[in-house]
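Please view the sequence and the model shown here before reading on.

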Amino acid sequence: METIRPASVADLAAAIASAQGAGTTLALTGGGSKRALGRPVDAAATLDLSAFSGIVDYQPSELVLTARAATPMAEIADALAGAHQILAFEPPDLGRLYGRKPGGGTLGGALAANLAGPRRVKSGAARDHFLGFSGVSGRGEIFKGGAKVVKNVTGYDLPKLMAGSFGTLAAFDTVTVKVMPAPAEVLTILIGGNDAHAAIRHLAWALNSPCEVSGAAYLPAELTCHSSVHLVRGCGTGVAAIRLEGTANSVAARARALATDSSLWRYELPSELSRTLWAEIRDVVDILPYPASAVWRVSVPPTAGPDVVDAARAAAASAQDVAAYYDWGGGLVWLATAPGGDSGAAAIRAAVARCGGHATLVRAPDAVRALVPVFEPLAGPLAALAARVKAAFDPARILNRGRMVAEPGP
Amino acid sequence: MKMPAPDEAVLSRRMQIVADLRRIVPGEGVIDAEEERRAYECDALSAYRQLPMVVVLPSTTAQVAAVLRYCHENRVRVVPRGAGTSLSGGALPLADGVLLGMGKFNRILDVDVANRCVVAQPGVTNLGITNAVQHLGYYYAPDPSSQIACTIGGNVAENSGGVHCLKYGLTTNNVLGVEFVTMEGEVLRLGGKHLDAGGYDMLGIVVGSEGLLGVVTEVTVRILRKPETARAVLIGFPSSEAGGECVAAVIGAGIIPGGMEMMDRPAIHAAEAFAKAGYPLDVEALLIVELDGPAGEVDELIQAVEGIARQHGATHVRISASEEERLLFWAGRKSAFPAIGRISPDYLCMDGTIPRGRLSEVLRRITQLSAEHRLRVANVFHAGDGNLHPLIMFDANDPDELTRAEAFGADILRTCVEVGGVLTGEHGVGIEKRDLMDTMFDDTDLALQLRLKCAFDAEGLLNPGKVFPVLHRCAELGRVIVRGGKLRFADLPRF
Ligand SMILES: Cc1cc2nc3c(=O)[nH]c(=O)nc-3n(C[C@H](O)[C@H](O)[C@H](O)COP(=O)(O)OP(=O)(O)OC[C@H]3O[C@@H](n4cnc5c(N)ncnc54)[C@H](O)[C@@H]3O)c2cc1C
């Protein structure tokens with residue numbers, strides 16, 4: 001397959017414009033780390049955006065960073081660390097989940113996939129920190145959306161639409177994100193228990209407190225053994241994990257405020273171990289180390305999380321075929337299922353339909369992802385609207401054709 | 001202000017249209033009498049008034065859908081309206097349009113503490129949501145100063161902010177889902193009690209779309225537990241430069257206050273005269289920094305902020321000693337608009353955002369412009385996020401003053417864009433900033449946004465004349481549409 005690697009925005013626009021004219025479908029790639037996320041793309045050529053790399057402007061006191069879209073996440077993280085700041089949406093590094101090296105992601109890719117880590121419950125997803133961009137639409141036109149300041153309502157909020165559009169609407173050249181101060185300390189309260197419903201009630205109790213909880217996850221007993229944090233690995237039960245971040249005094253005071261019944265197994269993890277545990281929860285692969293299985297990411301109302309898991313288990317050939325843990329207070333379920341058949345799609349999606357939400361087949365063999373909708377199928381009128389929105393930006397459907405929904409040929 | 005020319009064919013069918021609408025929304029839900037329609041002729045940008053052709057007040061989603069379907073079939077324009085507190089003219093009626101008032105959608109539908117959210121109808125006021133959950137210890141975070149009056153539907157349409165949005169986000173960061181009805185009468189659900197979208201983030205686009213994409217008939221918002229403590233510090237500075245530097249230093253120190261507001265001398269004096277908040281009158285800039293959270297943390301951060309303030313030359317530092325005092329500090333700031341209203345017959349509230357580092361430069365420019373346009377101005381500023389509200393004082397009875405006030409406002413907004421900022425941080429474009437859109441966006445940018453509009457409302461019947469310069473006007477000008485002799489965007493509908 002031909003690879004086009006434009007070096008400037010003008011080249012990028014020319015490349016897309018000529019592809020549009022010729023009806024040449026393009027597979028967009030930044031670092032290529034998430035190529036296996038989404039449906040297999042039907043493309044005649046690869047549009048390699050890796051030349052658009054480097055931080056353009058970073059002013060810590062403005063809480064804004066502007067970078068070329070294919071700037072590696074590692075470079076962004078380093079620059080931010082120098083000013084004690086972070087991307088508050090805590091983007092996961094999904095590289096290893098796809099059997100690749102870690103650290104391959106780019107900022108534009110994280111935004112295009114609308115990534116979000118455990119801090120989603122407090123600070124939002126990529127969408128909430130994506131302030132502005134410039135890029136090229138499927139029409140080959142250079143355009144921009146949003147701006148470079150933290151507060152802006154001028155015109156439609158195009159960065160929101162771009163977040164999670166997986167390169168199907170435009171190719172970004174430059175992006176601007178909101179950044180936040182890095183917390184000085186992290187503390188994690190671990191509470192032992194084997195009942196997912198009870199654990200989620202614990203998480204809700206913590207999230208519903210004034211303690212500004214910034215992570216709330218539950219790992220069942222069959223998965224705690226995978227953590228590299230010895231306290232979690234060796235506890236022998238499931239573990240609810242509640243994260244507190246801030247200054248040392250504040251974190252300690254909030255941990256005291258979240259006092260639990262003395263009959264419960266409870267432990268407090270200090271900063272370094274906390275960081276390790278939450279990185280494992282964020283990046284998935286450490287907790288679900290099953291390279292052959294399909295992996296689902298399911299977003300539902302927090303109290304409904306266990307119902308989705310129950311439904312997936314009930315439909316599986318054997319209950320052991322399904323492994324699952326919960327983040328976002330129960331609202332994000334990571335499920336590993338047997339990769340054959342529909343990988344559990346029918347049961348999982350039926351359960352999601354009952355409570356509201358969406359299920360994404362994050363990892364599965366190409367053949368499965370070509371057959372099973374990777375993203376939650378939309379109801380008729382909404383699907384039609386999505387198609388009209390796609391056409392507004394990319395009428396010839398040349399950008400990442402088929403990545404989000406099955407699309408017929410030209 | 002040029003609005004789309006009224007459609008004579010629609011006006012001539014007015015009686016028939018009113019009768020048809022009465023069949024959809026029976027009883028008092030259709031308002032035809034002129035004196036009753038008057039109540040809807042403007043929003044809070046009251047310099048612009050237009051009597052709507054007819055007012056419709058539906059009370060169910062099915063009625064909204066039927067009204068929109070009818071209007072779509074009969075090519076009748078529709079302007080949605082919440083409480084009419086828009087400061088940008090977003091709810092200004094059209095002479096040939098249906099004014100769709102959402103006031104009857106005033107019920108809280110579900111309080112779901114376990115999932116930390118509330119489902120409300122769009123006509124519930126912003127404060128009404130907090131009121132529904134505060135006995136349980138929760139609140140809804142975005143807090144526009146107009147919160148006792150403005151509706152959550154209006155907040156969604158404008159993506160409204162408030163003094164606490166630096167830490168807690170704007171409306172868009174706090175809305176989980178909506179039910180909304182397209183101009184064709186289709187009822188769609190976006191989001192719900194879960195987070196993020198499975199496909200395109202349509203919710204993210206609908207929030208802040210100023211009533212141009214659909215009519216919101218239900219809103220799900222997340223609620224937060226009330227912080228354990230909140231305390232505020234009042235800090236006076238001998239110059240706005242010093243105040244601006246203090247703000248940057250607070251954020252540079254890794255502190256994100258719950259709120260961080262700044263006022264200049266004229267605003268301080270007006271607010272103090274109005275609210276007797278105990279503001280120092282011998283300072284050029286006054287900061288209110290509120291820290292909220294666990295008590296221990298708040299005490300620690302208050303001290304840190306006080307230290308930073310002194311390093312930056314603060315001449316006045318007072319820390320709220322009680323909840324009453326904290327609320328008093330805010331009372332002054334929150335009544336800044338009515339306070340200006342008392343010293344001037346009319347005022348225009350501008351709403352640009354700038355990179356904070358450019359604050360003193362922009363304030364100097366505003367002072368110059370004030371002299372050039374011979375109009376007084378007072379500045380209040382959401383300092384934490386760079387959102388500036390210059391309040392331009394004038395007398396609307398004097399047409400020349402109105403013209404000058406608008407020219408002054410436009411100059412301020414152009415300055416905001418020049419320094420890397422934007423036309424509006426929270427009040428929306430509406431009609432007020434519509435004709436300035438091209439200072440921020442070029443014709444390609446605008447065309448793409450219009451195409452997005454077309455994906456939702458192909459005939460351009462929903463709230464036309466707002467946000468985007470009227471397209472046929474652009475065509476008349478030629479400047480925007482014709483480049484290098486080629487007709488651009490020939491495929492775009494003209495409305
Ligand atoms: C004194 C004062 C202080 C203010 N302070 C702030 C502030 O601190 N922060 C801030 O952000 N704003 C502020 N505002 C502006 C205003 O209150 C907000 O923009 C508010 O969200 C408007 O809500 P509303 O219900 O009054 O909407 P309206 O004014 O009735 O309508 C506003 C826009 O929303 C659309 N709309 C309304 N309801 C719906 C619906 N159900 N579906 C689709 N579209 C709809 C209308 O078509 C219009 O375009 C202030 C206004 C005043 C008068």
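The ligand is surrounded by 36 residues, of which B:Gly82, B:Gly90, B:Gly153, B:Gly154 and B:Gly211 are the closest. In this shell, two or more residues come from each of the chain B elements β3 (77-81), α6 (152-158) and β10 (215-222). The largest share, 5 residues, is that of α6(B). The model described here is a predicted one.

The side of chain A that faces chain B can be set beside this shell by residue class. The contact between the chains takes 73 residues from chain A and 72 residues from chain B. On chain A, the elements that give two or more residues to it include β8 (142-146), α6 (196-207), α9 (248-257) and α14 (380-393). Of these elements, α14(A) gives the most, with 8 residues.

The interior is described next. In soluble globular proteins, nonpolar side chains tend to be buried together. The largest nonpolar core here has 284 residues, and those that touch the most other members are A:Val308, A:Leu335, A:Ile348, B:Leu287 and B:Ile392. Helix α17 (residues 443-456) of chain B contributes the most to this core, with 7 residues. Leaving aside residues up to four places away in sequence, A:Leu335 touches A:Trp296, A:Val298, A:Val309, A:Ala312, A:Val322, A:Ala324 and A:Ile348.

A:Ile16 lies in helix α1 (residues 9-22) of chain A. Is A:Ile16 buried or exposed? A:Ile16 is buried, because 30 other C-beta atoms lie within 10 Å, and 20 or more are enough for that label. Residues up to four places away in sequence not being counted, its contacts are A:Val136, A:Gly138, A:Gly140 and A:Ala171. By contrast, A:Ala184 is 168 residues from A:Ile16 in sequence and 45 Å from it in space, C-alpha to C-alpha.

In chain B, helix α4 (residues 61-73) can be checked for its length. Its 13 residues, at 1.5 Å a residue, should span 18 Å, and the end C-alpha atoms are 18 Å apart, so the two values agree. Buried residues of α4(B) are B:Gln63, B:Val64, B:Ala65, B:Val67, B:Leu68, B:Cys71 and B:His72. After α4(B) comes B:Arg75, which has a positive phi, near 55°.

Methods:
Residues are numbered from 1 along each chain as its sequence is written. Chains are lettered from A and ligands numbered from 1 in the order in which they are written. This is a predicted model: local features need pLDDT of at least 70, side-chain atom pairs count only at pLDDT 80 or more; totals for chains, interfaces and linings use all residues. A residue is near a molecule or strand if its C-beta atom, placed from the backbone, lies within 6 Å of it. Helices (H or I, at least four residues) and strands (E, at least two) are DSSP runs, numbered from the N terminus. A residue is buried if 20 or more other C-beta atoms lie within 10 Å of its own, exposed if 12 or fewer, and partly exposed in between; C-beta atoms are placed from the backbone. Two residues are in contact if their C-beta atoms, placed from the backbone, lie within 7 Å. The expected span of a helix is 1.5 Å times one less than its number of residues. A nonpolar core is a set of buried Ala, Val, Leu, Ile, Met, Phe, Trp, Tyr and Cys residues joined through C-beta atoms within 7 Å.
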